[in-house]
Amino acid sequence: MNGFFDMPSDLQHSYLGLIGVHLQEALLPVAIGLVLALPVAQLCVRFTWLYPPVLWATTILYAVPSLAFFVVLIDYTGQSETTVVVPLALYSLVVLVPAIVDGVRSVSPETNAAAVAMGIGPVRRYLTVELPIAVPAIFAGLRVATVSSISLVSVGALIGNQGALGNLLADAMFYHRPILAVSSVVTTAVLAILADAALVLIRMLLTPWLPKSARRARRGGPTTPVADEAADASAAGPVAGGAADARTTAGSTL
């Protein structure tokens, strides 16, 4: 492991510094994507005809290679962090929008009817009734988007010193130090695992109404993160005294 933590001087960061930059460039796009996806998803739920074109648009954006985005953006944002953040934020929409739409659609008509009868308006109902019930599906999308973003940050090495840990791959070849490539791959994988575990913990804290039996049953059930969250939500049953049904269809996000 000699040299695993010894970073070349041209990176201008220590090992921990690269980790900080990598997390910043990976998590900021997901946060931006979530802020954009919430209102877009609500529009798709309210106007069902809007959902297919939005889904097609996000899928097309996801299909555009990151290098093509860099070529377009670099004239406006230069070789900066923004050039990396913008494409990753757009990529996250292909996962987050369907996750939120499916989660909100899972709210039973009885729950919405009860909220309307209580005088709760559309915006407040979306924020205080529909989104809390959709938390399992939303976090399923967040888990996929976050892990994907942590991996894709490394592509930023193509436009200079903006790939964070991904820059180590180029330096591994330039300095003939394979250990740098190992450091990049292992550290990126560990960050993805830790970020995923953190999201699972946050989701558990936000959804104490999910029965523990659902989590134990998941071990023998679905194997994907999105399907796992859907299984949790399906087993959640009524919420707030039988007012809400948290059955989600988050598996369609993939």
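Predicted model: local features only at pLDDT ≥ 70, side-chain atom pairs only at ≥ 80, totals over all residues.
Local features need pLDDT of at least 70 and side-chain atom pairs count only at pLDDT 80 or more, while totals for chains, interfaces and linings use all residues. Residues are numbered from 1 along each chain as its sequence is written, and side-chain values use heavy atoms, with hydrogens and water left out.

**View 1. Helix H8 meets helix H9.** Helices here are DSSP runs (H or I, at least four residues), numbered from the N terminus. The axes of H8 (residues 167-174) and H9 (residues 178-206) come within 7 Å and cross at roughly 170° (lines fitted to C-alpha atoms over the stretch in contact; angles run from 0 to 180 degrees between N-to-C directions). H8 is therefore roughly antiparallel to H9 (an angle over 145 degrees). Look for Leu168, Leu169, Asp171 and Ala172 of H8, which touch H9 residues including Pro178, Leu180 and Val185 (contact means heavy atoms within 4.5 Å).

**View 2. Arg125 pairs with Glu130.** This is a salt bridge, with the closest N and O atoms 3.9 Å apart (a side-chain nitrogen of Lys or Arg within 4 Å of a carboxyl oxygen of Asp or Glu). Arg125 is buried at 15% relative accessible area, and Glu130 is buried at 7% (buried means under 20%, with a 1.4 Å probe and protein chains only).

**View 3. Asp196 reaches Arg143.** Here the N to O distance of the salt bridge is 2.8 Å. Asp196 sits in H9 and Arg143 in H7 (residues 135-152), so the pair ties together parts 53 residues apart in sequence. Arg143 is buried, at 9% relative accessible area.

Technical notes
Helix = DSSP H or I, 4+ residues; strand = E, 2+ residues; numbered from the N terminus. Parallel < 35°, antiparallel > 145°, perpendicular 65-115°, else oblique. Buried < 20%, exposed > 50% of the residue type's maximum accessible area, 1.4 Å probe, protein only.
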